[in-house]
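Please look over the sequence and the model shown here before reading on. The paragraphs below are meant to be read with the structure open beside them.

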Amino acid sequence: MIAAPPAPLFATLSSRLGGDAEPLAEDAISELVEQARGGDAGARRRLYTQHVDRVFRTVRGMLRSDADAEDVTQDALLTVLTSLHRYAPRADARFAAWVMAIAVNTVRRRFRRRRPELTATGELPETADEAVDPAIELDRARQRRALLIALGELPERERAIVSLRYGAELNASEIAAIVGLEPATIRKILERARTRLGARLEALLSPDGGMA
Amino acid sequence: MNDEALGHAWATLEPTGHRRRRIDARVFESLDARDTPLAAEWLELFRVAPLPAFGLAVASAVSVVAAPPLVWFARALI
């Protein structure tokens, strides 16, 4: 068994690759929502910045390509920012949960006719970011590909649930409200998927896993 | 692999800087288009291309004036 990929490396990669929005507390988010509802364009932009990467990495875990994830992210965030008047704060769910519910609905609406197939092999990042060290970029691409392969082996529902957990950082109750299951069921599915994903990632990233 | 490691693994799915800038541009172009009043759009069009804008305004005005009698005539024929 090999060690898990180093967390600080992922954190560094994330911040270097555009994950630059310092997450705000829920109170601050609620304040931004109020300001944006009142027509404050700056507040609207900050709300967008707070959620765009999170939406993309969540739907990317559910979809077959970066291009599909890009389209869904655009549509979902446009819907969010033009529907703020419909948002009703709830004690048991954060604003991010409402955003993700819209993102998941956008995925369903867009792919109602064709089942989204997730592939990890057909794409490379279109252009590497200028400031990123090629060795770091290569490592990131390897980790990313392994994650997409492992995700592709999960059933569609589990893929959506783990993406909402690790991509959107939602809790079991928030995920349950979005996918229409009980929180206890979500916890069981997450436990099973975490074990399966972890084992598969470790196998893929091991020296003889074909991705080293 | 624990929760934290999986959370960090998901960070590799974030968009590249190039893709992110494209998403930003498209979302804010759409928002700006929604926020801009029609009169402001016309003024901008007159500023950028005065002659085509004038032609478009005349054609729009003519079609607004001509449409009701034409519709009435078409209904009378049917």
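What follows goes through each chain in turn and then turns to a few individual residues.

This is a predicted model, in which local features need pLDDT of at least 70 and side-chain atom pairs count only at pLDDT 80 or more, while totals for chains, interfaces and linings use all residues. Residues are numbered from 1 along each chain as its sequence is written, chains are lettered from A and ligands numbered from 1 in the order in which they are written, and side-chain values use heavy atoms, with hydrogens and water left out.

Chain A contains nine helices and zero strands, where helices (H or I, at least four residues) and strands (E, at least two) are DSSP runs numbered from the N terminus. Of the 212 residues in chain A, 48% are buried, a word used here for under 20% relative accessible area, with exposed meaning over 50% and partly exposed in between (1.4 Å probe, protein chains only). Taking contact to mean heavy atoms within 4.5 Å, one finds that among the contacts in chain A between residues at least 6 apart in sequence, 72% join residues at least 24 apart. The accessible surface of chain A amounts to about 10,300 Å², and carbon and sulfur atoms account for 52% of it; such areas come from the Shrake-Rupley method with a 1.4 Å probe, and for residues only the protein chains shown count as cover.

Within chain A, Glu158(A) belongs to helix H7, which covers residues 156-167. Is this glutamate buried or exposed? Glu158(A) counts as buried because its relative accessibility is 7%. If neighbours within four places in sequence are set aside, Glu158(A) is in contact with Ile189(A), Arg192(A), Ala193(A) and Arg196(A). Glu169(A) sits in the loop between H7 and helix H8 (172-179) of chain A, and although Glu169(A) is not a glycine, its phi is positive, at about 60 degrees. With a relative accessibility of 39%, Glu169(A) counts as partly exposed.

Chain B has four helices and zero strands. Its radius of gyration, taken over C-alpha atoms, is 25 Å, whereas a compact globule of 78 residues would have one near 12 Å, by a rule of 2.2 Å times the number of residues to the power 0.38. The C-alpha trace of chain B spans about 75 × 40 × 15 Å along its principal axes. Buried residues make up 26% of chain B, and the chain exposes about 5,200 Å², of which carbon and sulfur atoms supply 70%.

The aromatic rings remain to be described. Rings of Phe, Tyr and Trp (its six-membered ring) pair if their centres lie within 6.5 Å, and planes under 30 degrees apart count as stacked, over 60 as edge-to-face and the rest as tilted. By this rule there are six aromatic pairs over all chains. One of them joins Trp42(B) and Phe46(B), a tilted pair with 6.3 Å from centre to centre and 40 degrees between the planes. Both residues lie in helix H3 (residues 38-48) of chain B, four residues apart, which is about one turn of the helix. Trp42(B) is partly exposed at a relative accessible area of 27%, and Phe46(B), at 34% relative accessibility, also counts as partly exposed. In chain A, Tyr87(A), Phe95(A) and Trp98(A) form one aromatic cluster.
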